Amino acid sequence: MKNFSWGHGVVIALFAFIVFILSMLFLFPNGQKNSEMVTDNYYEEELQYQDVIDSKKRADDLQEKPAYSQDTKGIKITFPKDYNNSNTTVKFVLNRTDDQNLDIKKSVELDASQSFLIPAQVLKMGNYTLRLSWTKDKTDYRMDYDVIWK
């Protein structure tokens with residue numbers, strides 16, 4: 001190493017930088033294989049997002065809100081006991097954050113105890129976003145929950 005000059009240092013630094021960039025290229029993307037958009041119609045839905053904001057605000061202003069709970073049977077959504085479910089439509093969407101093939105979208109009817117159950121058989125272990133929407137007397141409401149199914 002008696003002839004080590006600044007030119008050799010530049011070549012070594014450039015080589016180290018190239019190795020670093022190549023390691024970033026090949027090592028880090030392995031953890032993000034199933035990164036997908038939440039919806040296929042993202043831009044169309046974005047234009048209608050003000051309706052979603054209004055629906056969420058109306059749901060936040062309610063005195064009693066629907067609640068969700070988890071047990072071995074599944075995810076149970078319970079509306080307040082005094083909630084009259086006539087003229088009401090309830091929809092939910094369970095978006096899986098890493099695989100849209102596991103998404104669940106359904107319209108349901110409330111049972112006698114003002115609740116409904118998403119059975120455990122249709123759920124896979126992981127993170128979901130539960131979007132609960134309901135329309136009562138032509139007024140839309142929406143609440144979002146982060147769900148971790150174990």
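Reply: Rings of Phe, Tyr and Trp, the last taken by its six-membered ring, are counted as a pair if their centres lie within 6.5 Å, with planes under 30 degrees apart called stacked and those over 60 called edge-to-face. In this predicted model, Phe-79, Trp-134 and Tyr-141 form one aromatic cluster, and the structure as a whole holds four aromatic pairs. One of these pairs joins Phe-79 to Trp-134 in an edge-to-face arrangement, with 5.3 Å from centre to centre and 90° between the planes. Because Phe-79 lies in the loop between strand S2 (74-78) and strand S3 (88-96), while Trp-134 belongs to strand S6 (residues 126-136), this pair ties together parts that are 55 residues apart in sequence. Phe-79 is buried, its relative accessible area being 2%, and Trp-134 is likewise buried, with a relative accessible area of 2%. Trp-134 also pairs with Tyr-141, here in a stacked arrangement, where the centres are 5.4 Å apart and the planes make an angle of 15°. Tyr-141 is buried, as is Trp-134, and Trp-134 takes part both in the edge-to-face pair with Phe-79 and in the stacked pair with Tyr-141.

A further ring contact involves a charged side chain: Arg-96 lies over the face of Tyr-128, at 5.2 Å from the ring centre.

Definitions and conventions: Residues are numbered from 1 along each chain as its sequence is written. This is a predicted model: local features need pLDDT of at least 70, side-chain atom pairs count only at pLDDT 80 or more; totals for chains, interfaces and linings use all residues. Side-chain values use heavy atoms; hydrogens and water are left out. Helices (H or I, at least four residues) and strands (E, at least two) are DSSP runs, numbered from the N terminus. Buried means under 20% relative accessible area, exposed over 50%, partly exposed in between (1.4 Å probe, protein chains only). A charge sits over a ring if NZ of Lys or CZ of Arg is within 6 Å of the ring centre and within 35 degrees of the ring normal.
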